[in-house]
Amino acid sequence: MTEKYDYLIVGAGLFGSVFAHEAKKKGKRCLVIDKRNHLGGNIYCEEENGIRVHKYGAHIFHTDNKEAWDYVNSFVEFNRFTNSPLANYKGKLYNLPFNMNTFYQLWGVKTPEEAKRKIIEQRAEFANIHEPKNLEEQALKLCGLDIYKCLIKGYTEKQWGRAATDLPPFIIKRVPFRYTFDNNYFNDAYQGIPKGGYNILIEKLLEGVEVRLEVDYFVNRNYWDAIADKILFTGCID
């Protein structure tokens, strides 16, 4: 006779793991399945030459919600990492997101008033663009030539694998400017990365929860649907 679960959770990422943990605390029987051969979904970490690598791209936990911050820190201590990226354009470094440090690096301006005047001046050159036809025109209309040329064009074309003139304008709906000397990428009060990596967080969340890896929900969906009262699907929908 097939075992019956209260919840089948498809996907062993952060959301699925938190749900399973909280449901188990309330006495629910949970089964977590994942088509990958590891826990953690996209926040899974690997060790390479003694370096902890985020296999699916960098993930920085950030929130303004103190309850959420205290919750994750109850499983693993987070470091005080602050995301403050740098862009390298022709050997010169620029702070991101665009802030007073960036504007000083570009134009030598030292006050918000000077920076605002410079941006207005740069945008004025493209005031004749009323209905941008592509991303390049949209970006020039929003921020002017210098910021577009140094900090948007190359990154965007590398990201999409296409010329900015071939990309639709809606991709850049706005360009945020910060008129402070603050290089913090996020505005959230709390941010960091778990000491020891995200794997520790996921493993602690799933302690005592039944997990089956390398199981593709869609291969035998009728079977999986039948063994649980409710399904929580956290995977890609397309």
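This is a predicted model: local features need pLDDT of at least 70, side-chain atom pairs count only at pLDDT 80 or more; totals for chains, interfaces and linings use all residues.
Helix H1 (14-25) and strand S2 (30-34) each contribute at least two residues to the lining of the second largest pocket; helices (H or I, at least four residues) and strands (E, at least two) are DSSP runs, numbered from the N terminus. Residues are numbered from 1 along each chain as its sequence is written, and side-chain values use heavy atoms, with hydrogens and water left out.

The second largest pocket has a volume of about 540 Å³. A pocket is defined on a 1 Å grid over the protein atoms alone as an open set of points where a 1.4 Å probe fits, with protein on both sides within 12 Å along at least five of seven lines, and lining residues have an atom within 4 Å of a point. The volume is the space filled by probe spheres set on the points, which are joined across faces, edges and corners. Of the 28 lining residues, Gly11, Asp34, Thr234, Gly235 and Cys236 lie nearest the centre of this pocket. Helix H1 provides the largest share of the lining, three residues. By class, 14 residues of this lining are nonpolar, nine polar and five charged, where Ala, Val, Leu, Ile, Met, Phe, Trp, Tyr, Cys and Pro count as nonpolar, Asp, Glu, Lys and Arg as charged, and the others, Gly among them, as polar.

The largest pocket has a volume of about 860 Å³. Its lining comprises 27 residues, of which Leu96, Phe98, Leu151, Ile152 and Tyr155 are the closest to the centre. Strand S6 (86-89) and H6 each give two or more residues to this lining, and the largest share, 10 residues, comes from H6. The lining divides into 17 nonpolar, five polar and five charged residues.

The largest nonpolar core contains 28 residues, of which Phe98, Phe103, Ile147, Leu151, Ile152, Val175 and Phe177 touch the most other members. Such a core is a set of buried Ala, Val, Leu, Ile, Met, Phe, Trp, Tyr and Cys residues joined through side-chain atoms within 4.5 Å; buried means under 20% relative accessible area, exposed over 50%, and partly exposed in between (1.4 Å probe, protein chains only). Two or more residues of this core come from each of helix H3 (100-107), helix H4 (112-124), helix H5 (135-143) and helix H6 (145-160). Apart from this core lies another, of 23 residues, including Val32, Cys45, Phe75 and Leu201.

Aromatic pairs number 15, a pair being rings of Phe, Tyr and Trp (its six-membered ring) with centres within 6.5 Å; planes under 30 degrees apart count as stacked, over 60 as edge-to-face and the rest as tilted. The rings of Tyr217 and Phe233 have centres 5.8 Å apart and planes at 45°, so this pair is tilted. Tyr217 lies in the loop between strand S9 (210-213) and helix H8 (221-226), and Phe233 in strand S10 (residues 228-233), 16 residues apart. Tyr217 is buried at 6% relative accessibility, whereas Phe233 is partly exposed at 31%. Ring pairs also link Phe98, Phe103, Trp107, Phe177 and Tyr179 into a cluster.

His62, in strand S5 (residues 61-63), is partly exposed at 33% relative accessibility.
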